[in-house]
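Student: Hi, could you walk me through this one? I'd like to start with how the chains meet.
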Number of protein chains: 2
Amino acid sequence: MTLTPAKMPFSRIAIIGLGLIGSSLARAIKAADPSCEIIGFDGDAEVRTRAAALNLANVITTTAADAVQGADLVMLCTPVRSFAELAQDIMAALMPGAVISDVGSVKAYVLETLQAHLPPTVHIIPAHPVAGTEKSGPDAGFATLFKNRWCILTPPENTDATALEKTTQFWQALGANVESMEAKHHDLVLAVTSHIPHLIAYTIVGTASDLEGVTKSEVIKYSAGGFRDFTRIAASDPTMWRDVFLTNKDAVLEVLQRLSEDISLLQRAIRWGEGDTLFELFTRTRDIRRSIIDAGQDTANEDFGRPHEA
Amino acid sequence: MTLTPAKMPFSRIAIIGLGLIGSSLARAIKAADPSCEIIGFDGDAEVRTRAAALNLANVITTTAADAVQGADLVMLCTPVRSFAELAQDIMAALMPGAVISDVGSVKAYVLETLQAHLPPTVHIIPAHPVAGTEKSGPDAGFATLFKNRWCILTPPENTDATALEKTTQFWQALGANVESMEAKHHDLVLAVTSHIPHLIAYTIVGTASDLEGVTKSEVIKYSAGGFRDFTRIAASDPTMWRDVFLTNKDAVLEVLQRLSEDISLLQRAIRWGEGDTLFELFTRTRDIRRSIIDAGQDTANEDFGRPHEA
């Protein structure tokens, strides 16, 4: 692995939650700067044992409060609805001047929750690395997960400039590109590019498996026609995604409403045989695909990213 | 490439339409049995020139009627709504006893159209290889496209047993698994596993690019959150897909209606904060993913099939 040799601006990093993202963070930090001390915690004893076996951290603690002691960066990597309780667990143990950040897929809820529970002596800088896979758990992580991916920071107004700069450098040291925006705007953008695609993928997989007249075995056998691409997304972590939809309700419902209207339009076009409406949309969407490849956010490999010889 | 050495049961095969599927067929046939004669035709002069340069066929003709002369298998590989006119062009030139087949994604419409226009002296055996990529044109094809994929035959009642057996052998020689079913049933199954996923992917990409408050550049930048998987499917050939929706209207509208109801259910669950409904669905869909991988219809690679080092 080659990462740009950027200085790691934190010396003792607490990672709370050692699943796909938390364990990837641990691996990426170690790869970027082996001298950086990593303190890991997970609420699940089995995950703690596995994380120790994988040598993910210098120390694995049995409470979150122990993990954050003396840490100059605390990364919350658990499903976002655990943050209120977690904040209460760690608040007394946090080092003044520490940066408290996270990797959650929603940001307004996170910012609000952390601000409500944490002391003003720490710097709250929520973050969302737009990266992941459909796998979960400490074994699923890998050091290059964030490379060439975007990490969005949503610092509140009047955030300490040095703390923000250090958090930016941290993500850059892991290979990510960093952007800052308002938490509410983040939630709308991600509703479009991530939350709704996941919701629809989950739905369509559910619809297919419930349809009378088509057996489950048929759905599986003929999935190469397009369906399998949805199942990949729909295999993502259930707890994390439940929390996303419950905590980004407004933006998700807004985009879903727009999508429903657009589905109705196509439904009507199909019913009335309006081929031009279909053709116009199907042509337009090709350009967006091209732009995503040009922006380095997907590969141009054919066969839907799968090797030709299965 | 290693294909099982199966005997090619046809000696002179006409391929009408030399795009992704037609050119893949030409390559796969040549790889399976170099002695088999391939006659190619495409309505587009540029495609004919390119196909000749790629050496896709023994002969490239300038009319469809010329291509089918003396062929014991005729494969129609053009968008399905061209079949009525195509059938009229070739009907007089067809060799008695020849098998007329196709690769279209809808089958009841194809069967009906071909039966209405072709003489009773030929054997009509519609086929649908469930394989493809998001690319189009003669350069996009490759010999292993059908390997380990399913090919569905939808022979009409009272089909000649020998003709059916030869068509089955033909696809097996290209590495495909062959299944036969009623055309109408095929259309319902594929509406679920292919047509609706494509329609939704096209829609969601369109919705995202039209949404006020989110720029196109943001949609592209943060597409790794799930959206990019939809753009892959939504880059598929517009003409082919327009024809699919116009010719499989009933099944598509039926499944779309079911999907809309399921979306409404989730919409309601999100609005009222019913986390258990979401969690239950998100857990169930994981099992289907696992079954698809076990059935060899997708890779288990993580990171959504993309290499970790972009």
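Student: How many residues of chain A are in contact with chain B?
Tutor: In this predicted model, 114 residues of chain A are in contact with 114 residues of chain B, contact being heavy atoms within 4.5 Å. Local features need pLDDT of at least 70, side-chain atom pairs count only at pLDDT 80 or more, and totals for chains, interfaces and linings use all residues; side-chain values use heavy atoms, without hydrogens and water.

Student: And what area do chain A and chain B bury between them?
Tutor: About 10,900 Å², with 65% of it on carbon and sulfur atoms. Buried area is the accessible area (1.4 Å probe) that two parts lose on being put together, summed over both.

Student: How many salt bridges does the rule find across that interface?
Tutor: The rule finds six, taking a side-chain nitrogen of Lys or Arg within 4 Å of a carboxyl oxygen of Asp or Glu. One of them joins Arg284(A) to Asp210(B), at 3.3 Å from N to O.

Student: Which element gives the largest share of chain A's side?
Tutor: That is α7(A), with 21 residues; helices here are DSSP runs (H or I, at least four residues), numbered from the N terminus.

Student: Changing topic: where is Ala52(B), and is Ala52(B) buried, partly exposed or exposed?
Tutor: Ala52(B) sits in helix α2 of chain B, residues 45–53. Its relative accessible area is 47%, so Ala52(B) is partly exposed (buried is under 20%, exposed over 50%, partly exposed in between; 1.4 Å probe, protein chains only).

Student: What separates the C-alpha atoms of Ala52(B) and Ile16(B)?
Tutor: They are 14 Å apart, with the two residues 36 apart along the chain.

Methods: Residues numbered from 1 in each chain as written. Chains lettered and ligands numbered in written order. Helix = DSSP H or I, 4+ residues; strand = E, 2+ residues; numbered from the N terminus.
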